[in-house]
Amino acid sequence: MSLLPACDDFLDQVPLDTPTTATFLATEVEMNAGLTGVYSSIRWESATVPFQVFFDHWTDIGIERNQGNAAGVFDVNNGSVSSLWNFAYTSIQRANNLLAGMEAGKGNVAEATYNRIQAEARVLRAFAYYHLVFMYGDVPLITQPLQPEEFYTQTRTPKAEVVSFLYKELDEAAAALDWTAKERGRLNKAVAYGLKARIALYNKDYETAAASAQLVMANAGLDLNPRFQDLFTRAGQNANVNKEIMFELLYSDAYTNSITYVPLGHGSRSLGGQSGRFPTQRLVDMFEGKDGKRIDESQVYNPTAPRLNRDQRLKYTVVMHGDTITENKQTAVYNIYSDNTKFFENGNWVSRTNGDFTNAFGPVKNGVGYLWAKYSFSDETLFTSKVSWIFMRYAEILLTYAEAKIELGQIDNTVIDALNKVRARAGQPNVDGSIAGNQRELQELVRRERTVELALEGFRWFDIRRWQIAELVMPGAVYGAALNPANVPATPNFKLSDKHDLNSIPDYTASAALRFKRDNRLFEAKHYLLPIPQRERDLSKTLSQNDGWN
């Protein structure tokens, strides 16, 4: 669904984002315009970059040029903490105003149309609440437009109660939606059940997660795009083969300023990018060898040539030394060891200054030797990219189903088939028969699959918390590629403890001095939840604070 300026004109006349119950929507045109306003409110961006991009950089698999929240030194006045709260409640408020305001025009609109608009708004509201409860814990549950005095008397609803509300919301909304939306970008029944499955998985309600995911698998007619890399270019997204992309943030051809700076912020300095966010060694080392084994157990992994004989997703997720990359309509060899590199110009390879090595803000001087490939290979220039941001895709549904069933101990062919679908597209062998019935081994596998399949898509921040491993993966230094290719670091140790092994957490102690290194991160128990923003508590004295935050 395109987010049109015409909607803004309507919103200027009918203030859906203000605290009033006097807004009445009498016609289908007005209701649809109001719904477009709710869709526009889920564009939670900082510097034209969706906030979901930053989530993974607040974890062990990503690093920002400036340390950011991953450093663990933020407080109740942190800008990101406040922005996320405000973005989410703006979405909720717009949805509430639409849902209340459209009741007056119910008799003027076909019943199916009315129910569909209402259902889409409820799913969008649930999308905002899912972020809130898993970031902040207990939060105010607001389902009606607020009167002015109510802004100052809010209290926090227990997380379990909010989750129960979301289950009911999504079930009722799904009943009014078709499995396939008639317009790209609109929500459908598959997204409603997919969101319910995600919420349930994050809440360790594995029965609900498996059942909701299975509904999508059995009824939505979705499948994986044949080529993983096509999911993250505009041409590939437009084709959306097998309809893997379920829910996306669209950018419009009709408006010049409808762009995203995700590729620009991740792009090579040699090719005109700004390289402000980078992947880490820990992510790189979670990608298996082509024999389907973790690198500490693989017979084909070679630490002297770490790009070779690996899961295909590595190439399309992380740019490594020696890769040939095309960005900003230019092609070069990514090089972290020389001040010159090769560029392909007018049919020939020429040597020129290597910005990735020399630039003060590049991946050598500010990162750990890697760049993001995922979302970086834009079909347009880096300053004009319109590649959609994916909120949900079918691979997540398959992995949610598999993880939930494994956690329940209900391991059957459907679980193995779901895992094998995701692995086969990556060129990885099927699940080894020796572990097909082993719950512990399958837990390790599905957690690793989830990390490498969904890297940079905004899931890791939630996963390390629900798996209770944040205290293991967050503190300390962030490591990267070899400082000197002639002095190869040892393959890391994944078996420092049972928990390290289960979660495929590599330890670099044995050769830390041989690697790029950044940061000295801190992590405390209080970081499992974000603090309630101080500004909100100043406005509403009745809001309590999460443990450990002053």
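Leaving aside its neighbours within four places in sequence, which residues is Gly221 in contact with? The first view gives the answer, and the others visit further parts of this predicted model.

**View 1. Gly221 and the residues it touches.** Apart from neighbours within four places in sequence, Gly221 is in contact with Asn242 and Lys243. Gly221 sits in the loop between α8 and α9 (234-239), just after α8, and takes a positive phi of about 70 degrees. Is Gly221 buried or exposed? Its relative accessible area is 55%, and exposed means over 50%, so Gly221 counts as exposed. For a sense of distance, look for Arg156: Gly221 and Arg156 are 65 residues apart in sequence, and their C-alpha atoms are 39 Å apart in space.

View 2. Asn242 belongs to the loop between α9 and β4. Although Asn242 is not a glycine, it has a positive phi of about 65 degrees. With a relative accessibility of 37%, Asn242 counts as partly exposed. Here again you can find the contact between Asn242 and Gly221.

**View 3. Helix α8 and what its buried residues pack against.** Helix α8 covers residues 206-219, 14 residues in number. From its first C-alpha to its last, α8 reaches 20 Å, close to the 20 Å expected at 1.5 Å a residue. Which residues of α8 are buried? They are Tyr206, Thr208, Ala209, Ala210, Ser212, Ala213 and Val216. An α-helix has 3.6 residues a turn, so residues three or four places apart point the same way. The buried residues of α8 pack against α6 (159-175), α7 (189-202), β4 (245-249) and α14.

**View 4. Helix α14 crossing helix α15.** Here helix α14 (residues 394-408) meets helix α15 (residues 413-425): their axes come within 9 Å and cross at roughly 140 degrees. The crossing of α14 with α15 is left-handed. On the α14 side, the contact involves Ala395, Leu398, Leu399, Tyr401, Ala402, Lys405 and Ile406. On the α15 side, look for Thr414, Val415, Ala418, Leu419, Lys421, Val422 and Arg425. Together, the residues of this contact comprise 10 nonpolar, one polar and three charged.

View 5. How many of the 15 residues of α14 are buried? The number is 13, so α14 is largely enclosed by the rest of the structure. The length of α14 also fits expectation: at 1.5 Å a residue its 15 residues should span 21 Å, and its end C-alpha atoms are 21 Å apart. Just after α14 comes Gly409, which takes a positive phi of about 75 degrees.

**View 6. An open sheet of four strands.** The strands of this sheet follow the order β7-β8-β9-β10, with antiparallel pairing. At the edges are β7 and β10, each of which pairs on one side only. From one strand to the next, the twist averages 35 degrees. In strand β7 (residues 324-327), Ile325 and Glu327 make up the covered face, while Thr324 and Thr326 make up the uncovered one.

View 7. Begin with β7 and strand β8 (residues 330-333), which are joined by four bridges, with Ile325 opposite Ala332. Two residues lie between β7 and β8 in their hairpin, and Asn328 in the turn has a positive phi of about 55 degrees. Next, β8 pairs with strand β9 (residues 340-345) over two bridges. Ala332 stands opposite Phe343 in β9, and Thr331 has Phe344 as its bridge partner there. The hairpin of β8 and β9 has six residues between the strands. Finally, β9 and strand β10 (residues 348-353) pair over six bridges, and Trp349 in β10 is the bridge partner of Phe344. Two residues separate β9 and β10 in their hairpin, where Asn346 takes a positive phi near 50 degrees.

**View 8. Ser504 in its loop.** Ser504 is found in the loop between α19 (498-502) and β14 (515-521). Ser504 has a positive phi of about 50 degrees although it is not a glycine. Its relative accessible area is 0%, and Ser504 is buried.

Methods. Residues are numbered from 1 along each chain as its sequence is written. This is a predicted model: local features need pLDDT of at least 70, side-chain atom pairs count only at pLDDT 80 or more; totals for chains, interfaces and linings use all residues. Side-chain values use heavy atoms; hydrogens and water are left out. Axes are lines fitted to C-alpha atoms, for helices over the stretch in contact, and angles run from 0 to 180 degrees between N-to-C directions. A crossing is left-handed if the near helix is turned anticlockwise from the far one by less than a right angle, and right-handed if clockwise. Contact means heavy atoms within 4.5 Å. Ala, Val, Leu, Ile, Met, Phe, Trp, Tyr, Cys and Pro count as nonpolar, Asp, Glu, Lys and Arg as charged, and the others, Gly among them, as polar. The expected span of a helix is 1.5 Å times one less than its number of residues. Buried means under 20% relative accessible area, exposed over 50%, partly exposed in between (1.4 Å probe, protein chains only). Two strands pair if DSSP finds at least two bridges between them.
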